[in-house]
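Welcome! Here is a friendly walk through a structure that may be new to you, told in questions and answers.

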Amino acid sequence: HTSYYHRNSIQQLELPQRKAALIVPAFETLHYRLTFPKSKAELLSMLDMGSLYTFRYHVWPKGHAPTDYAKWRTATVPYRVAWQPDFEPYVVVRRDCPKYDQRFVGFGWNKVSHIMELDAQEYELLVLPNAFMIHMPHAPSFDISKFRLSAGYRGCLQTLREEFHQDLSRRYGAAALKYLTAERSL
């Protein structure tokens with residue numbers, strides 16, 4: 001059902017002819033066993049009962065807040081959202097979209113930099129009203145543990161972020177200033 005919905009959305013939104021990233025709203029559960037909701041209505045019920053949360057609500061709300069979950073609850077058509085710092089939604093994009101920046105391997109900034117690049121190339125960020133995914137709990141990855149424990153790892157990531165910003169400025173000129181300005185105001 002989900003893949004049919006995505007294919008249908010891609011056709012209706014004319015994705016092959018349009019620069020758009022379709023955002024799949026993300027949720028999570030703290031339960032290791034979960035009956036996956038069969039519909040948006042069922043998911044909303046689980047959300048209201050507290051067996052699901054919006055993704056990373058407790059630890060990193062900025063990553064998915066621009067999805068605008070309050071709007072998604074009642075949305076019946078795709079809606080556009082604006083890029084915001086640290087936005088890292090799960091997206092469906094055309095195969096010819098910009099690739100992930102290979103500097104960001106392991107933990108940190110891979111999805112953030114990818115969405116920034118899509119935004120810089122003027123991709124529309126469109127939230128799908130009837131799509132959703134659920135992140136299941138799992139042990140922390142080796143890389144997130146390194147990020148948390150190693151000042152060297154965090155320092156390297158910061159250097160790569162600065163390089164990435166410089167590259168955006170070279171490629172997109174003044175249009176890329178908003179990313180650096182947003183970064184510095186955090």
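Q: Which residues in α5 meet A151, Y153, R154 and L157 in α6?
A: This is a predicted model, and in it α5 covers residues 142-149. Contact here means heavy atoms within 4.5 Å. On the α6 side, the contact is made by A151, Y153, R154 and L157. Their partners in α5 are D143, K146, F147, R148 and L149.

Q: How many nonpolar, polar and charged residues does the contact of α5 with α6 have?
A: Both sides of the contact, such as F147 in α5 and L157 in α6, go into this tally by class. The contact of α5 with α6 has 5 nonpolar, no polar and 4 charged residues.

Q: Are α5 and α6 roughly parallel or roughly perpendicular?
A: The axes of the two helices are 5 Å apart, and the helices pack at an angle of about 95°. Angles of 65 to 115 degrees count as roughly perpendicular. That angle therefore makes α5 and α6 roughly perpendicular.

Q: How are α4 and α6 oriented to each other?
A: Helix α4 spans residues 110-120 and helix α6 spans residues 151-172. They pack at an angle of about 10°, with their axes 11 Å apart. Angles under 35 degrees count as roughly parallel. The orientation of α4 and α6 is therefore roughly parallel.

Q: Which residues of α4 and α6 make the contact?
A: By class, the contact of α4 with α6 has 5 nonpolar, 2 polar and 2 charged residues. From α6 come F164, H165, L168, R171 and Y172. From α4 come S113, M116, E117 and A120.

Q: Which side chain meets R171 in a salt bridge?
A: In general, side chains of opposite charge can pair when their charged atoms come close. The partner of R171 lies in helix α4, 54 residues apart from R171 in helix α6, so the pair links distant parts of the chain. The N to O distance is 2.8 Å. The partner is E117.

Q: Is E117 buried or exposed?
A: A residue counts as buried under 20% relative accessible area. R171, at 45%, counts as partly exposed. E117 has a relative accessible area of 10%, so E117 is buried.

Q: With which residue does D119 form a salt bridge?
A: D119 lies in helix α4, and its partner lies 59 residues apart in helix α7 (residues 177-184). The closest N and O atoms are 2.8 Å apart, and the partner is K178.

Q: Which side chain of opposite charge is nearest to K111?
A: K111 is found in helix α4. Leaving aside neighbours within four places in sequence, K111 is in contact with F87, E88, P89, Y90 and Y100. K111 is buried yet has no salt bridge. The nearest side chain of opposite charge, 4.0 Å away, is E88.

Q: What is the phi of W109?
A: Most residues other than glycine have a negative phi. W109 sits in the loop between β5 (90-92) and α4, and at 7% relative accessibility W109 counts as buried. Although W109 is not a glycine, its phi is positive, at about 75°.

Q: Is E122 buried or exposed?
A: E122 is in the loop between α4 and β6 (124-127). Like W109, E122 is a residue other than glycine with a positive phi, here near 65°. With a relative accessible area of 65%, E122 is exposed.

Q: How many helices and strands does the secondary structure of the chain come to?
A: Read along the sequence, the pattern is α-β-β-α-β-α-β-β-α-β-β-α-α-α. Of the 186 residues, 42% count as buried. The secondary structure comes to 7 helices and 7 strands.

How values were computed. Residues numbered from 1 in each chain as written. Predicted model: local features only at pLDDT ≥ 70, side-chain atom pairs only at ≥ 80, totals over all residues. Heavy atoms only, no water. Axes fitted to C-alpha atoms, helices over the stretch in contact; angles between N-to-C directions. Helix = DSSP H or I, 4+ residues; strand = E, 2+ residues; numbered from the N terminus. Parallel < 35°, antiparallel > 145°, perpendicular 65-115°, else oblique. Nonpolar A, V, L, I, M, F, W, Y, C, P; charged D, E, K, R; others polar. Buried < 20%, exposed > 50% of the residue type's maximum accessible area, 1.4 Å probe, protein only. Lys, Arg positive; Asp, Glu negative; His and termini not counted.
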